[in-house]
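Subject: Structure handover

Hi,

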Amino acid sequence: MDKPSAPLAQSLEGTVRTPAHFTPDQLENYGRIFQWTPRFVVYPGSQRDIVTLVALCRKNKWSLSTRGAAHSQSQLAINQDGVLLEMQAMNRIGEVDEDKLTVDVEPGVVWRDLVHHLAPRNLVPPVLTNNLGVTVGGTLSMAGIGVASFRYGSQGDNVVELDVVTGDGSVVTCSPETNDDLFWGAIAGLGSFCVITRARLQLRRMKPMTRTYYLLYDDLRVFLEDARSAMDSGRWDHLESWGAPCAQGTRPVAGMRQVFAKWFYPFHLTVEYDAGNPPDDAALLAGLRPYDNLYTDDCPTLEFLERMVPIFDLWKKAGTWEFMHPWIECILPWETAADCIEQVLGDTPPGIQVGGHVLLWPAKGTTSRSKNFMVPPGENLVGFGLLPAIPQKFWGEMSERLENVSRMMLMFGGKRYLSGWVNFTPDEWKEHFGARWDELCALKRRYDPDAILNPGFLPFEAKP
Amino acid sequence: MTLVFGTEAWAAALVAEINASSEYRNAAAKWGDGFNGNVLLVFDADTTFPKTHALLVLLAKGACRGASFVPGVAHPGAGFGLRAPFSVWKDVLSRKMLAATAILTGKMKVDGDRMTLLKHTAAHRALVACVAALDTEFLSP
């Protein structure tokens, strides 16, 4: 055991684990691509613990990494030789202000718990990720996008105020109006400058019921035009879409036969309504041109927000939850999206549906103010993600192909969403952030001068 | 039958290979439709092979109308060019590296409209597969 562990434990309200007591999952994240071993795992009990740990890490030249639900897949939510902070220990939900429609939460609060906490008041965060089992601090540090992002931007765009502990140990309250450079550094900042210890989140009122129309498209370009029309119509509260393969047998690819697919595009359009006042189906669907209208589903809004749970449960039961998850997600310019998606899906075997899926989401480039959530220019954008689950033994042959998918997305003008597997060179990182990169480096020097926070992903220069 | 790289017999065999490939016929059905789809493959000399070769392949709508080795590293009849050192070509042809990796990482240089090439990735992958399918001997000149 490291000598500092005993005094460390005594100086904290929270608890400390040494290597003999780590759980296997604490050495990796959902990607299961990297295995890192920290010196300590700490379950912080308060903001004061974070301040204490920052001071300790600076003194000992240890790194300090934050971990929420660890759904990231690159070098995030894990730590090598330093301190790993299990932020889910800070999971208190504070006061709800029903006049201002805000709630104060600690960063380790899981969105699902917050949603259920707020539901009796018919309040909800404007944007929720598909997976509600992730933490507030985690998704705010990433951006946090979901099926309502075309209306409300990212989760980070719906934050009123943050309390943070910076990498130099300062406790700062920041907002878009006060200490805004630190606020916009924290939002989608991958934990590079500070540790979020409290977030005041904007809420909205929700209606208790949803109606979802399950439309199916067999033509990508018709689907995309209808998706843009749906975004612009103002009729819909949530828009969700996928790529769905229909296996067709095998054909040669580079001389070797592999299964190929005809791709279809399910498009799920959802509107909230009050019980007894159902929506007008014909008016809502007017002008849309699906290949088929498969199903119309009415369910409580809370159930709608949890709609992915049966799928995730299936992945867990089937064992694919434990596979590697080198997800490749990006936001494409409208103008090149169809060409890019057709090229990538043309090479994507239908087996991606085993424990994974292909996401498509229509998006607006005008809804986010976040400075670190990089998207291509343009009013209309298309999100596109290959989300495979890969058995560890196939990683060697799959990694090159997946990297090529990422490279192709970039060549079509896309910007990667950074929660997935990102294997950028330093030059590619600079290209990703553009002019923002120099600002990020300046923020790092100012707020984390010893470069202790979440090292290993963004290529900040290590302190000499 | 083993064919010597750089000979007319090798070029003729490539034409036959392409035209017999259902992969190429399907993948490249729209390649060269409305634009010049002829491709110049340039194999630059390096330590693995001492002489640069350039092969002009006449391609349109899933078929090959001919192929021949030409002097120099550029040709007015080519709409596109793929150029790399011999060592890179050998890695691609022996499947140590995907053709897409060579192109997307810049190890294989692209001459021509990159977006057009990106929209037909399956076509040039199938073309490279046809080259790889030939039983080739690389004899130093």
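Below is what turned up, going from the sheets to the chain contact and then to single residue pairs.

One caveat before the details: this is a predicted model.

**The 5-stranded sheet**

Chain A has an open sheet of 5 strands in the order 5-6-10-8-9, with antiparallel pairing. Strand 5 (93-97) and strand 9 (171-174) of chain A are the edge strands. Each has a single partner strand, so one side of each lacks a neighbour in the sheet. From one strand to the next, the twist averages 15°.

Look at strand 8 (residues 159-166) and strand 10 (residues 194-202) of chain A. They pair in the antiparallel sense, over 7 bridges. Within strand 10 of chain A, R198(A) is the residue opposite D163(A).

What lies across this part of the sheet? Helix 2 (residues 47-60) of chain A lies across strand 8, strand 9 and strand 10 of chain A. Its angle to strand 8 of chain A is about 40°.

**The 8-stranded sheet**

Another open sheet in chain A has 8 strands. The order is 15-12-14-13-17-18-16-19, again with antiparallel pairing. Strand 15 (292-300) and strand 19 (415-416) of chain A stand at the edges. Each of these has a single partner strand, so one side of each is without a neighbour in the sheet.

- Strand 13 (residues 238-253) and strand 14 of chain A run antiparallel and are joined by 12 bridges. V253(A) has M256(A), in strand 14 of chain A, as its bridge partner. The hairpin of these strands has 2 residues between them, and A254(A) takes a positive phi near 55° there.
- Strand 13 of chain A also runs antiparallel to strand 17 of chain A, with 3 bridges joining them. W242(A) sits opposite L359(A) in strand 17 of chain A.
- Strand 17 (residues 357-364) and strand 18 (residues 380-387) of chain A pair in the antiparallel sense over 8 bridges. Here L360(A) stands opposite F384(A) in strand 18 of chain A.

Helix 12 (residues 395-411) of chain A lies across strand 14 (256-273), strand 16 (328-333), strand 18 and strand 19 of chain A. The helix runs at about 20° to strand 16 of chain A.

As background, strands of a sheet pair through backbone hydrogen bonds, either parallel or antiparallel.

**Chain B against chain A**

How many residues does each chain bring to the contact? Chain B gives 19 residues and chain A gives 16 residues. Between them the chains bury about 1600 Å², with 58% of it on carbon and sulfur atoms.

There are 2 salt bridges between chain B and chain A. One of them joins D347(A) to R125(B), with the closest N and O atoms 2.5 Å apart. The polar contacts between the chains come to 10 residue pairs, both residues at pLDDT 80 or more.

On the side of chain B that touches chain A, helix 2 (22-27), helix 4 (99-104), helix 5 (114-118) and helix 6 (121-133) of chain B each supply at least two residues. That side of chain B divides into 9 nonpolar, 5 polar and 5 charged residues.

**Salt bridges and a far-apart pair**

Over all chains, the structure holds 31 salt bridges. One in chain A joins the side chains of E106(A) and R92(A), at 2.8 Å from N to O. The two residues are 14 residues apart and link distant parts of the chain. E106(A) is in the loop between strand 6 (102-105) and helix 3 (111-118) of chain A. R92(A) is in the loop between strand 4 (83-86) and strand 5 of chain A. In general, side chains of opposite charge can pair when their charged atoms come close.

Where is D450(A) found? D450(A) is in the segment after helix 14 (436-447) of chain A. The side chains of D450(A) and R58(A) are joined by a polar contact of 2.7 Å. D280(A) is 170 residues from D450(A) along the chain, and their C-alpha atoms are separated by 59 Å.

Over to you.

How values were computed: Residues are numbered from 1 along each chain as its sequence is written. Chains are lettered from A and ligands numbered from 1 in the order in which they are written. This is a predicted model: local features need pLDDT of at least 70, side-chain atom pairs count only at pLDDT 80 or more; totals for chains, interfaces and linings use all residues. Side-chain values use heavy atoms; hydrogens and water are left out. Two strands pair if DSSP finds at least two bridges between them. Helices (H or I, at least four residues) and strands (E, at least two) are DSSP runs, numbered from the N terminus. Axes are lines fitted to C-alpha atoms, for helices over the stretch in contact, and angles run from 0 to 180 degrees between N-to-C directions. Contact means heavy atoms within 4.5 Å. Buried area is the accessible area (1.4 Å probe) that two parts lose on being put together, summed over both. A salt bridge is a side-chain nitrogen of Lys or Arg within 4 Å of a carboxyl oxygen of Asp or Glu. A polar contact is a pair of N or O atoms within 3.5 Å; within protein, one must be able to donate a hydrogen and the other to accept it, and residues adjacent in sequence count only if both atoms are side-chain atoms. Ala, Val, Leu, Ile, Met, Phe, Trp, Tyr, Cys and Pro count as nonpolar, Asp, Glu, Lys and Arg as charged, and the others, Gly among them, as polar.
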